[in-house]
Amino acid sequence: MLHERRLPDDLAQDLDRVFRFKLRLLDWLLRSPPKALDDNALLVLQFGQPLGGWLWTRIRRPEKRTAFGKAVMALAAKALVSPAEATGVADAIAHDAEFDCNWDLAGNELFFPRLHLNWLETVRNVAEPFYDWFAGSGFLSAPFALTGGTIDRATLMKAFRPQSYGVCGYCDGTLGELGTKSEANDCDHFFPKAQWPHLAIHPRNLFSACQGCNSRWKLANTPMGSADASGLNGTYHPMLRPGASSVVVSATISPTNSRQVKINITDPIVPRRAETLVATLELDSRWTNSSNESLDRGVSVFVAKSARDKGNGWQPDADSVRLMIEDDIAWKQEQLGKEERCMRLIAVLECMRNDLLHEVIAELTI
Ligand SMILES: [Zn+2]
């Protein structure tokens with residue numbers, strides 16, 4: 001949620017074609033539910049060929065019905081029993097699908113499943129398989145008229161890679177080296193699919209993230225952390241509102257140990273956004289821990305290399321060490337989003353410059 005990450009337009013448009021088809025299916029089942037599906041005729045009438053045919057192979061006739069096919073019929077059956085409610089669900093889903101267009105609108109929030117909790121499971125059983133297919137063999141270009149060939153999760157993760165510079169867009173940490181065990185190029189749902197299955201393949205809902213963010217910290221948390229999902233205006237988003245330009249990251253010396261710092265993350269303009277970021281990803285404690293691990297290896301770990309670069313004749317006095325730290329800060333600022341851990345390193349360097357200058361000098365003089 002910190003750095004800007006944007007799916008290339010051509011891929012986003014292709015994914016949107018599949019997403020819009022999924023929406024059309026949900027909308028049809030909710031507003032005009034079929035009583036039975038014994039062959040592909042109704043589907044072809046509704047969605048044309050080849051999409052009607054594509055759908056039929058995933059539903060199949062009653063005696064050979066797939067799990068997805070049963071889920072489709074279950075949603076239709078529920079809509080037949082409660083048509084007014086079903087229309088409300090369809091309206092909520094259509095509203096949520098445009099979340100990216102209304103991101104900055106104060107008070108804008110997601111309607112489904114919040115207003116229709118008793119429909120969550122029935123809708124999820126139809127909506128979530130689209131992500132499973134996406135993560136598996138993907139969607140072929142022909143039925144969906146895709147311009148870039150088959151689209152799947154691996155294609156998306158690969159497309160994010162060059163703009164990521166190996167840095168997680170959520171937490172400023174490392175994505176891990178390609179092809180290694182720690183590659184950690186996980187596909188994260190900004191709105192977790194368990195709670196918002198209708199958005200599971202929305203092109204503005206999928207991002208590459210480090211394993212820590214995707215599998216350990218974010219999990220099924222809402223982007224708003226533990227707070228209520230009472231407004232998208234209260235959170236950052238990797239494409240629609242990257243947090244890096246808004247948050248202020250600072251380090252303060254621990255009152256009990258002068259060799260330890262505490263990292264603080266705030267947003268002076270909209271404090272709640274930083275609070276929800278921290279609540280979702282636990283960034284303050286993760287960053288504090290990693291900064292202190294670095295400090296344990298020597299206060300001057302960040303500046304030692306610069307000091308060496310100055311050559312043998314250089315004398316570390318307050319003014320020159322301060323300048324050297326400022327050079328490091330300026331360099332790190334240029335690397336924001338391109339080099340891992342920059343935000344917390346800048347905070348620690350600023351703390352060194354302001355509060356630890358004499359300790360740095362003492363270390364450099366040894
Ligand atoms: Zn991360």
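**Reading cis bonds, phi and helix packing**

User: Where is the place of Pro113?

Analyst: Pro113 sits in the loop between α5 (83-96) and α6, where helices (H or I, at least four residues) and strands (E, at least two) are DSSP runs numbered from the N terminus. The model is predicted, with local features needing pLDDT of at least 70 and side-chain atom pairs pLDDT 80 or more, while totals for chains, interfaces and linings use all residues. Residues are numbered from 1 along each chain as its sequence is written, and side-chain values use heavy atoms, leaving out hydrogens and water.

User: Which peptide bond here is cis, with omega near 5°?

Analyst: Most peptide bonds are trans, but the bond from Phe112 to Pro113 is cis, with omega near 5°. A cis bond also joins Gln49 and Pro50, with omega of about 10°, and Pro50 lies in the loop between α2 (41-47) and α3 (51-59).

User: What is the phi of Glu282?

Analyst: Most residues other than glycine have a negative phi, yet Glu282 has a positive phi of about 50°, in the loop between α11 (271-281) and α12 (283-296). Glu282 has 40% relative accessibility and therefore counts as partly exposed, the class between buried (under 20% relative accessible area) and exposed (over 50%), with a 1.4 Å probe and protein chains only.

User: At what angle do helix α4 and helix α6 pack?

Analyst: Two packed helices are described by the angle between their axes and the distance between the axes. Helix α4 (residues 67-81) and helix α6 (residues 120-127) pack at about 140°, with axes 8 Å apart; axes are lines fitted to C-alpha atoms over the stretch in contact, and angles run from 0 to 180 degrees between N-to-C directions.
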